[in-house]
Amino acid sequence: MSKLLSALENEVQIGALLFMTVVYTLRLIWIFRFKSGRERTTAAGSEAAGISYSLMNVAMPWAMESTRKRPWFYAQFVIFHLGVVAAITTTFIIPYAPALFKVKVVVRLFQVIIGAACLVGLLRFIRRLRNPTLRLISTADDYLSLALMILFFAAGVLAVPNEYRKAEWPIAIFFGLTAFFLIYVPFSKICHYLYYPFSRYFLGRTLGHRGAMPPGMKGKRTCLPSSPDGGGSR
Amino acid sequence: MKRRKAAVSGIADAPLDTRSQERARLDRIPSLAPDRLQTYDASADNVGRFLRLLGERITRPLAVSLTACVHCGLCADSCHYFLARPDDPTMTPVYKADQIRRIFKRHLDWTGRVVPWWVHAGSPQNDEDLNRLKNIVFGTCSACRRCTLNCPMGVDTGLLVRFTRGLLTEVGIVPEGVFNVSRDQWETGNQMAVTEEEYLETLQWMEDELRTEFGTPEVDIPVDRPDCDVLYTINPREVKFDPRSIANAARVFFVAGEKWTLPKWGWDQTNFGLFSGDDKLGAYVARNVYEAAERLRAKRIVISECGHGYRSTRWEGYNWAGYDQKVPTESVVVTLQRYLREGRIRVDPARNPDPVTFHDSCNIARSGDLVEEPRWVLRRVVTDFREMHPNRRENLCCTGGGGLLSMAEYRPLRLEVAKIKAEQLKATGAKLVCTMCHNCIDGLTDVIKHYKLEMKVVQVLDLVSNALVIPE
């Protein structure tokens, strides 16, 4: 393995990861600097149940009309994000547990998942280009983030076998993109996963308190005490 | 995917009309004060004030809703505006929310501050831009929150729209109707400027009718009676246009043997602050009700059938007013359910033989907690109850929500997009559409008239009162 590839797999990744951690920490501090209110009404439902339901919403396509009516869209979402998990896992397996990719079944499994995610990414990119509604709201960041993900997945499919003796370039591209991602993500929409717990928490807390979420939980009062992280529409 | 040609509604270009505001200034009405009602001043730095307030007022839930959107577009089909105008991409919730999101990004979010063009960040340049924003947040959204419940990220677009409306209200860039109703509620304590004399006379009139009906002076509509179990609060629309709904409530209270009263002041449970985004007005109106309950030592506040009134008085008002809830606060439908459960009233459903469907008010079902209660009551007072689809928390707005009924300039678009609601109503085959919201009554009546449906709008209390078995 060349020194360049070794550095890309190790030092560069660690540096980029540290950078991302620092930026995310600053981002969290920024979010917590916004003021929050105190709930003054008595609960009709359960805040804890509302928060749990809201956070689990991502795994309940039947809970929202928007996903219930579009099973294929939801399936795409699942495939795409499984691909993300597989690709990120790959960035740790190759430098720290390369033996795992000596097993052919594992390699094929990762390639299938990441490859499917790459196809979904392409479909989503075409959708974004063709649909006037999405075109109107799409930013340069939206396009670049998706394009980079497609490239990342494509590079991932090639990198997973980890055959650096045959050719280093697929692995180098994959790790190069990973490092770039780690630096770019905190400034792009890709960091939505950082906000997801917050947005779902606030919605679940407000509607849970009112007994509107989850459906059928009204009357089971387990109002959380006022917490510094605030809540809902207060 | 089918390529669609964009056909923008043009509503964003509606001009700003400030005639009522000018009249109010000339008349020097008392509520024109820095901490109360604001008017538009063309010579002021309105953009600067708007941006300053944006920075000051933004809360954590708002900040998260502004940053979390991934532009997936999944919210589009949850909005009745977009469903009715699928060729107009400016009708999607995400587009509407992006109008405030871009300003937030430009001034408060780091990427937008450094490279605004990269994330569509931008700032309003003048009052025309603010007027355009006004037309979008007031004219193309009923803040029904259907998109909120359909967003995978939990982005609360309804909350963002209300927040933006509140900022615009502070610089007087609002539709005429919003200014007028806000002025009335600040000036008179109720949103239809009902005078105390008119209020008391109407109650007396209804009391006289009930006494004739029952043939006894024992039935009454008490005002400001202390130490009651129920403080009943109403919608000014009931005094102005539908006093029989007050009589219906009085009839049920009498038969149930309830110890109840209306307050002389603080009787308006509606709250235009919810629609205008003005938390100060919201706090003022809600506090009037809470203080009336405290003054009269009432054990419970009961809210007549009103969607936004229920949401404001039961949920938002306590927080706006910074007033810790002291007494139970409930909708009259919950009271009716309790009476039926406890056997305090008896009903005969055969008196309501027409097929009835139920329209869930957005503010009660999506932003509140009452979904099964009205159905529980209706199934006992009518013989043919049928659901509309979608229903409960997924129901479509009556299209008059968010204060839109008071904004004449947006009426053509409102009625155009109401075709979705009209189709939903028609499919039920019902003769009566029941709702527990006065705003929905007017919204649905508009839809029924415009689309020539053979339906009538009623409320739960109407049907209960009609089915009520009067003891010998």
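Me: How many residues does the contact take from chain B and from chain A?
Reply: This is a predicted model, and in it chain B puts 65 residues into the contact while chain A puts in 67.

Me: OK, and what area is buried between chain B and chain A?
Reply: About 5,800 Å², with carbon and sulfur atoms giving 56% of that.

Me: What about charges: how many salt bridges are there between chain B and chain A?
Reply: The count is 7 salt bridges. One of them pairs Glu316(B) with Arg210(A), where the closest N and O atoms sit 2.9 Å apart.

Me: Which elements of chain B give two or more residues to the side that touches chain A?
Reply: In chain B those are helix H2 (46-57), helix H3 (60-68), helix H5 (93-108), helix H6 (110-114), helix H8 (146-149) and helix H16 (307-321). By residue type, the side of chain B that touches chain A splits into 29 nonpolar, 16 polar and 20 charged.

Me: And how many residue pairs are in polar contact between chain B and chain A?
Reply: 35 residue pairs, both residues at pLDDT 80 or more.

Me: Switching to confidence: what's the mean pLDDT of chain A?
Reply: It's 91 for chain A, and 92% of the residues in that chain reach 70 or more.

Technical notes: Residues are numbered from 1 along each chain as its sequence is written. Chains are lettered from A and ligands numbered from 1 in the order in which they are written. This is a predicted model: local features need pLDDT of at least 70, side-chain atom pairs count only at pLDDT 80 or more; totals for chains, interfaces and linings use all residues. Side-chain values use heavy atoms; hydrogens and water are left out. Contact means heavy atoms within 4.5 Å. Buried area is the accessible area (1.4 Å probe) that two parts lose on being put together, summed over both. A salt bridge is a side-chain nitrogen of Lys or Arg within 4 Å of a carboxyl oxygen of Asp or Glu. A polar contact is a pair of N or O atoms within 3.5 Å; within protein, one must be able to donate a hydrogen and the other to accept it, and residues adjacent in sequence count only if both atoms are side-chain atoms. Helices (H or I, at least four residues) and strands (E, at least two) are DSSP runs, numbered from the N terminus. Ala, Val, Leu, Ile, Met, Phe, Trp, Tyr, Cys and Pro count as nonpolar, Asp, Glu, Lys and Arg as charged, and the others, Gly among them, as polar. pLDDT is the predictor's confidence in each residue, from 0 to 100.
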